[in-house]
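Welcome! Please open the structure in your viewer, and we will walk through it one selection at a time.

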Amino acid sequence: MRLPDMRVLMGSGMVVLLAFALVLPSISPDSATTNMATFTLMYVGLATAWNIMGGYTGYISLGHAGFFGFGSYTLGLLLAKLGVAGGYTPFLFVPVAGLITALLAVLVGWFALRTRAATFVIVTIAFMFMLQLLAENLIGLTGGGSGLGFPIPPWRGDFYDIPFYYAMLVLALLGLAVSWWIRRSKFGLGLLAIRDDEDKALAVGVPAGAFKLTAFVVSAALVGMIGGVYGYYVTYIYPQFVVDPLIGISMVLMVFLGGLGTLGGPVLGAVILEPAQLWLAYHYGASRLYLVLYSAVFLLVILLMPRGIIPSVRELIARWRARAPAPQKVVAP
Amino acid sequence: MTLALEAAVLGILTGGVYALMASGLTLIFGVMRIINVGHGALVVLGAYLSFALWNRWNIDPFLSLVVTMPVMFVLGVILQIVFVRPLKTDREALSVLVTYGLALGIEGLLGYFFTSNYVQITAWYDTASFPIGSFRVAYVYVLGFLLCLAILGAMFLLLYRTSFGSAIRATMLNRTAAQLVGIDVDRVSAFAFGIGMATAAAGGVVFGITNSFNPGSHYDLISRLLTIIVLGGLGSLRGAIIAALIMLVTTDITAVVISPVWASFVFFVILVAVLLVRPQGLFGVSVRDRL
Amino acid sequence: MRKALIASVAGLGLTLISCGGGGTATATPSPGTPITIGVSVSLTGDFSGDGKALVQGYDLWAQDINAKGGLLGHQVTMKYVDDASSTEQVVSNYQKLISSDQVALVFGPYSSLLTKPAAVVVERLGYAFPEPAGGAPSVFAAGHKNLFFVQPAAIEDNLVSYTQWLLSLPADQRPATAAYATEDDPFTQPQIDKAKSLLEAAGIHTVSYKVYPAETTDFTPLALQVVNSKADAVILGTQVPDAIAFVKTFITQRYNPKTIIETAGPDQGSTYSDKLGANTEGIMVPAGWTAGSTAYGNPIFVSEFIAKYGGTAADISADAAEAYSVGQVVDQAATKANSIDNQKLIDTLHTGVYQTVQGPMGFDAVGRPTGGVGVFVEQWQGGSAVFVYPPSVASAQPEYPKHDWQ
């Protein structure tokens, strides 16, 4: 074929995108744009992390906001107990927060993964609310409804957002690297087999239990680290805002919009949805109709492209190339 | 001790409302195998409809059900045809997203028409009460409870005493097999969704009289309803009713005996404990198929 | 890869620092040009009711200031953006207002919860942050130099004057027992805790004390607990929905304590009385402002408010008066400094006394109000809320004990 290979195209696209992401803060017109970009990158990371569990194994967790909040509180408490001052040092504790979140995820996963399908979805929601209630009720530890304060970074003016931007970028890239590696590994194949038919996967010798748990823990740890950086960025966290069901459902939406189980899908979904949401809320929030607008857009997308943008576009290209009903390439359903 | 008893009575009375709301949700799950995350928003919509009728034309909230239940039924059938039926692949996950999208849309519209201020349906008799010992029970709670019982009874009659009910139950048992024996599964699904919405309207009225609510109230509501139907066993009507009563009684007793901050937590602990022993919930059928 | 990334981060950082990342110092607008004042308010979400009232207050102030020729000659336009009652959005909003929309000034949002993270952003960008609704102890504990809480007293002292009134009653009439319940919220709980410690010190026995999550929707079990305690005095840390729910259960249970006070709810005018009708009679609320007060500019504020938004004096929310006061304070500070430059405003606001519809007030180093007249006790009597204590401001006698429910 003389046509450029799909993978080369995607690859070069990724490189351009990465280069753009690296220099964005220096070409950003104002700190508000950097701020928007930081939140967008945050969701790139979250959606990518969620996809490792939800996309590859087919287990839909609506409770990942619980890990987000847990990571956030863990970092905040670590910094408070150790008396770490604002600056670059708090970022060094982010992996620690990720590790502790991973431990929690082992526990939650061990329990939640006893259930399947719809029950699993709801059990994850229940866990999220339990974590939220704990954050509210353990007042001596978390400050309850009065919130938990982070050390305030000394940076002033427009520079303030930049360290957070790069922290989010690093985490998003880490998530993408892990996701990419899993897709190419035997472990990833096992996960996809579980998604297609768990009982068959078990029958052919995939250690489904261990595989699912690993994916769950990896995904939760990434989300926990991102939650930590988020907490430090917004400086005050409250139970209802960091363990927020909306954060959990946003990740899922982005993955579905971009393409479930694909590498680039979550990135695309996040890059479209998060700025759109921030922009709509900022410009039309006052009219109260922005929720209606947002929901209309997203219902349309799901009904028209139920498999997400990337698989739909891929299929379109494949068809256009073949100019005939080509044998369907196996892509993520 | 008397306080705990009072809380238990209150828990049973309010539990009836949750039983009604949860039964619609579990019915929809049973028939269509979808999680209707928008159910909470539909309850709130029902509450607002009755609120509007009462506010504008002074129509008694219980009486307004004569109007709102059929309206919501039709709306349910339409929503099912437009938004749920087109989902062919990955129904389980996509239905969560679609119904969530519907919930957001309803929240936005309600916010537009009614603002986000908290409102409550206040009938003239809403603080009237009768005594049981030193404790007084408000008539609205009892009325609400009786209404819920009546509607639940009607639902059971429909399911177990009519041929349409058999079609619904057959679909719940096995969708494919039901289709094979000539049941119009699409039609059954649309009707089930409509019935779910009609019960949401009824639940909404009682909810709106006993709680103050705003368009954002559905988040809290749906999280409670979902945990109820999982505890009871997905798709089990009996399970939903019993789980609703368990939930409200335990949370209300915990609130007065231990502390209100631990009330919902205790319920989640019960849920986790039950699921450890019975992953399919109290009355659920063991789920080996992939749904 | 990551090494390169870290290097480039450091490199970029250094460049920016050397460029003098001194902040988003906007040039002071030249005289006579119109200016925009930015506010993030909750138009959706939990605080949207209060958010709406803030907008009314701010709008009315802008109309007044423009009618008298503007803020130091600048015609004022208000720009509102919705924060959906969420911290993430409030942080983004102030950043956008200041750095991208380059508004001349910013005013505060509703509630301590959102004021805390917002204050960090606003301080970082070098703006003054006069705010009407964030007065929790933790707001001041953060030590912001640019924040000014425009209410007559810090939140935790809100119930002090109520306790003084209770203790001023003759010993044989004074309540012997008290029941407390409060939301776990930085606005309500500090008030209740302070009142409790003051009353306990004076020998009023605590028979019930409950803290409940802010997300609670069914308040009946909580209210039952208060009912069962049979306390003489009921002191509740509420916002609007729970303020109404508690009273309803009391009515149902025919529980008639001698006195009831709620931290918020009864100060919201018709939003509150619509739900309770004649049963508002005798319920108290701490308030720094009442429609009937004769404080600086208040009669005009009230009549203009009714002219602009309709309704009666009883419909005006205290939130609106607090927002209006923010404008008044900024107007006086600008005149005094003869500038609307943010740094000059900050320096000016830390000294002197400012007149508002809530009475005079000044601000200490962290923006806590000082020298204010304090917060008084308001009581619903005959369908409207009136000041009843202390006698120096009272327009009616306190009704005690409270009449039975109707």
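**A tour by selection**

Start by selecting chain C: among its contacts between residues at least 6 apart in sequence, 68% join residues at least 24 apart. Keep in mind throughout that this is a predicted model.

With chain C still highlighted, look at its overall form. Its C-alpha trace spans about 70 × 55 × 35 Å along the principal axes. For 406 residues, a compact globule would have a radius of gyration near 22 Å, and chain C agrees because its own value is 22 Å. Of those 406 residues, 60% count as buried. Switch to a cartoon view and you can look for 13 helices and 15 strands in this chain.

**A covered helix in chain C**

Now select residues 220-229 of chain C, which form helix α8. How many of its 10 residues are buried? The count is 10 of 10, so to speak a helix that is mostly covered. Among the buried residues you will find Thr220(C), Leu224(C), Gln225(C) and Asn228(C).

What do the buried residues of α8(C) pack against? Within chain C, the partners are β6 (177-183), β7 (205-212), β8 (233-237) and α9 (240-252). Chain B joins in too, with α1 (2-32) and α10 (237-257). Before moving on, step just past the end of α8(C) to Lys230(C), which takes a positive phi of about 50°.

Zoom in on β12 (residues 359-363), which pairs with β13(C) over 2 bridges. To see a bridge, pick Gly362(C) and find its partner in β13(C), Thr370(C).

**A hairpin in chain B**

Move to chain B and select residues 129-132 and 135-138, which are strands β1 and β2. They run antiparallel and are joined by 4 bridges. Ile132(B) stands opposite Phe135(B) in β2(B). The two strands make a hairpin with 2 residues between them, and in the turn Gly133(B) has a positive phi of about 65°.

**Where chains A and B meet**

Show chains A and B together. Here 37 residues of chain A are in contact with 41 residues of chain B. On the chain A side, the elements giving two or more residues are α6 (117-137), α13 (245-258) and α15 (290-304). Which of them gives the most? That is α6(A), with 13 residues. Colour this side of chain A by residue type and it divides into 28 nonpolar, 4 polar and 5 charged.

**A glycine in a loop of chain A**

Select Gly145(A), in the loop between α7 (139-142) and β1 (148-149) of chain A. Is this glycine, Gly145(A), buried or exposed? It counts as buried, because it has 26 C-beta neighbours inside 10 Å. Leaving aside neighbours within four places in sequence, Gly145(A) is in contact with Glu136(A) and Tyr238(A), and also with Asp184(C), Asp185(C), Pro186(C) and Ala214(C). For a sense of distance, draw a line from Gly145(A) to Ala172(A): the two are 27 residues apart in sequence and 30 Å apart in space, C-alpha to C-alpha.

**Last stop: confidence**

Colour chain A by pLDDT. The mean is 86, and 94% of the residues reach 70 or more. Then select residues 329-333 of chain A, where pLDDT stays under 50; the model has 12 contacts for them beyond four places in sequence. Where pLDDT is low, the predicted coordinates should not be read in detail.

Note on methods
Residues are numbered from 1 along each chain as its sequence is written. Chains are lettered from A and ligands numbered from 1 in the order in which they are written. This is a predicted model: local features need pLDDT of at least 70, side-chain atom pairs count only at pLDDT 80 or more; totals for chains, interfaces and linings use all residues. Two residues are in contact if their C-beta atoms, placed from the backbone, lie within 7 Å. Ala, Val, Leu, Ile, Met, Phe, Trp, Tyr, Cys and Pro count as nonpolar, Asp, Glu, Lys and Arg as charged, and the others, Gly among them, as polar. The radius of gyration is taken over C-alpha atoms; the globule rule is 2.2 Å times the number of residues to the power 0.38. A residue is buried if 20 or more other C-beta atoms lie within 10 Å of its own, exposed if 12 or fewer, and partly exposed in between; C-beta atoms are placed from the backbone. pLDDT is the predictor's confidence in each residue, from 0 to 100. Two strands pair if DSSP finds at least two bridges between them.
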